[in-house]
Structures are given as structure tokens and as C-alpha cells.
Amino acid sequence: MEHILATRTGASWLFESAADAGIDTCFANPGTTELPMVAAMEDVPRLRPVLCLFEGVCSGAADGYYRIAQRPAMTLTHLGPGFANAIANLHNARRAGSSILNVIGDHMTWHVDADPPLASDIASLAAPVSRAYYRADSVDALQRSVAAALDGVVDEEGGIHTLAMPMDIQTASIPHAPYHPPRGASSPRLDGAGLDIAARAIRAGRRVLLLLGGDALFEESLLHVGKLAGRANVFVMGETFPARSEHGRGLPAVGRLHPDARQAHEWLHGFDLVVLVGAARPVAFFGAEGVPSFLGDSEKFITLHAGSKGTVAALGALVEALGPAPAMPPSSAGLPDWRAREGRLTPETAALIVATHLPERAIVSAEGKTLAFPFNRLAHLANRHSTIVLTGGAIGQGIPAALGAAIAAPDRKVVGLQSDGSAMYTLQALWSIARTKSDVTICIAANQRYQILEDEMRRTGHALTNPAVTSLLDLADPGVDWAALAGSLGVEGMRVGTNDEMDRAFARAMREGGPKLIQLCLEA
């Protein structure tokens, strides 16, 4: 592309280079040291700025954007403290294998040594969640850093790349040199030895589990999975917390490895061979006495494809190596009728109602055990959809990820299955959903407690009796009126307490466009 001006400011050159690399969205929470970058955005209309009221929303939205679009977005945050607010959801994004370019404004290069109040060690903050960190303390450093960061973020490996840019470098004059993305060919990751071992084990009739992760859970790969799972001795299972998975009628039903370490460990021992396809060796979420950190028998694991991308070729090679076989027939079963369920609204009936009305090609952002787990058990019976879940365990991802998914795919309905405790972490995302008029419906399971912590207390044998201590797990005093809160942030809010009310509210949300929130009043 030809550019008219011979020079750019550092900020303009950064944004034009990012746009040349295919980045078209910036989730931003700018402050004073980022104002030159805000001004520079006017010169780069190819980059869409989306204002978020909290940096954790920026990072969670960028993560959700990547998982659906499979291309990176940018975040813009204010100095070290602003970036620190984004770290929890960048942790989730790193675990998901998402690619994100973080840009952080900093003090003038000549002002940093004075240790002004907002100065901090940005490099140390960025290191745990970044594949690489860059600091542009000069024009030359900026040009080198931007090129390296963009090369990294669009590379097959991708990952999170973080760039700190002092304010005076943002306004410096830079000779224009268009950024040219690398055109390197991707390298195959098929393990030939693993292919041979897996094919021989399947032919021999041994019990073989294909443990799927990465894009092995995408639709194209699942069509191969269906051919493999048609064999009586081949079983398939997804990772416990996959970055994205495809489900629905016409696709093989692929569940998720049980999150309880003991159950998963014992179940994995029931196979003669466990074949990793885009998945990592399963690890216990938390340490449990009597259960090893790495689950299953280490001698039974082999790798068919390392890495989260490109698994379709590896699965196709295994299908070809084994020859014709009956394909796993897609489930012909329909969803149960929720009307047969008696009593008040429960997580199970709510999940069933969601699955019943979920439109084709919807995106489900599922965070929180209450609704996400029962919905996952029904996902293969619903219309085809994509699901993104909490990958790193840092709660507060679900609503921001729904925002990012909606920005990435504005033609698809987005549904958030959210619990009230985790929703409180990043409720500011509702404002951005309203501001962007995103077609997102958030279902909040308002059980007014940290249910997952209560479950862990029971599992570990702790019985609490002191009201001051038990209150640490209780959200009922005061209870949050989510419908009213959503309305104050520009999202239409509804409250439902019965199955009929949930059915009417959710069906209407799926028929209509625009942002909505449904508060599910579940019995505490």
C-alpha cells in the first residue's frame, strides 16, 4: 500500500504497521501517557478502537476475539498499574494460546529516572504473561520493537507480545517504512513415530483414547475424529478447559476430561494408549493427596501432533493409515423437553432451555460451574455452535470474552453462561457490550454464593460453623440485583425464577438483536 506522507509519528507508525499486519481492533483503556496514541488513531481508520472501562475487560475481550477470529487484537493500557489490571485475563489468554499485542504507554524517557508516582517495573509485570517484551526508548528501538512484536504475534506460534512506548517516542517523527508481515511456511508437527504407534494399537484392537486440544476440537478436525471414533476400540475426549471447541448436531459428541483429578486419573488408567492430538499431558488443577500432578500412566501417553494448530492434517493421516471404517454416526437424539421438568428453575433446566433455543452458529462463552457444566453435557444435541471456556482459572473472563467474540463475529449470536461471583470481577464489560451494540445475551446464575468454593470445602473435609468465616463464601447479604445493574449500564435486564419465565426470556433474546442480561434467580 502506498502512503502519502513521508514521515509518521511513532504512534501513527505503530498503528499503521499493526493494521498492515492484519490487526483491526484495539480494546483500549487509555490514560494521560497514551493520549498521543489516541490522537494517532484518527489517522488509521483501519483500526477500530473499543473503549473498555477496566483493563481486565480489554485483555479478556482480546482473548475472546482471538479465539473466534483466529487473528490477534491489540490492547492499550495505562502504564504499569493499568497493565497490572489486565494480567489475570492475560494469564487465561496465555493458557488458551491466544495471540495478543499489548501496547503500554509510559512516561517520557527523560522523566522515568525521577520515579514519578505511576512509574513501575513494567518489564517484570509483563514477563509472566508475555512470550516477549519490548521497550521502545528511541526511534530506532521503536522500529525494531514494533517489527519484532508484529512478526511474533502473527507467527504460527503467536502468543502474547507486550510493547512499552514512552510518551515522547509516541510523538517522535519516524521515517515511513511500511511493515511487511513474514510469509514463512508453517512446519508440520505430525509425529511420525506417534502415528505408527497409534495406528498399530488401533489395528490390534487395544483401547485407544484420542485426547483432543487446540484446533483438533474445531469442526474440520472433528469430521476426521468422527471417522476414527466409529471404531469400537477408539474413544475420544477433549481437554478439560479447551480454548475453543465446536459442538452440535452432525458433529461427533466430544466431552471434556473430568475436572476432578482423582476421577480423571482413574479413568485415564482404563486405556491401553492415550494419544495426544493438539493437547498437553493432563495435569491436576489442584494438588490432591494420593493423586500425581500428571494424570494417567506416563508410559501410555504418545503424541500424534504437538502444538495447538494444524491438527487436521495429523488426524487425516491417521484416518488414511487405518483405511476405511464405519464413521461414528452423528447423534440422532433430540433434546429432552424441559416442560417435563417440574419445580422451580434449576441449573439443569436453564441449560436445557438454552440448548433448545440456541441458534445455528452461536458462540457460547461459558464461565462458572453452575450453568456451564450442565450445558456442556447437552452441547452435542444443540444446533452447531462454538464454545469458549475459562482456560487459566483466573475468574472474570466470561463477559469480556463474550464482548471480544461478538466484535470478532458480529453476524453470530453470542451467549454468556456466567455465575454471579465471577461476573462481579469484570462487570464493566456490560457497558462496552451496550456501547458497541453487540448481540450478546448474558445469563447470570444468581445463586448468591461461591458454589465452587463450597464444593471444594466439602471435598477437602472442611466443615465451617463460624458465621464470620462462612460469610466469606456467601454473596446474599446484600444480594446483587443484576437486572437493575445491567440496565444502569445500558443492557436490557430481565429476572426469571421459573422455567416458563426463563423459556420466554431466552427465546425472545435469541429472536431479537442487541445486548441483554437474564438474571436466573436460583435457590441459594
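Student: Where is Met424 placed?

Tutor: Met424 is in the loop between α15 (420-423) and α16 (429-435); helices here are DSSP runs of H or I with at least four residues, and strands are runs of E with at least two, numbered from the N terminus. The model is predicted, so local features need pLDDT of at least 70 and side-chain atom pairs pLDDT 80 or more, while totals for chains, interfaces and linings use all residues. Residues are numbered from 1 along each chain as its sequence is written, and side-chain values use heavy atoms, without hydrogens and water.

Student: Why is Met424 called partly exposed?

Tutor: Buried means under 20% relative accessible area and exposed over 50%, with partly exposed in between (1.4 Å probe, protein chains only). Met424 has 40% relative accessibility and therefore counts as partly exposed.

Student: What makes β4 mostly covered?

Tutor: Six of the six residues of β4 are buried. Ala73, Thr75 and Thr77 lie on one side, and Met74, Leu76 and His78 on the other.

Student: How do you know that β2 and β4 pair?

Tutor: Pairing requires that DSSP find at least two bridges between two strands. Three bridges join β2 (residues 25-28) to β4 (residues 73-78), and the two strands run parallel.

Student: Which strand pairs with β4 over six bridges?

Tutor: That strand is β5, in the parallel sense; there, Ile104 is the bridge partner of Thr77.
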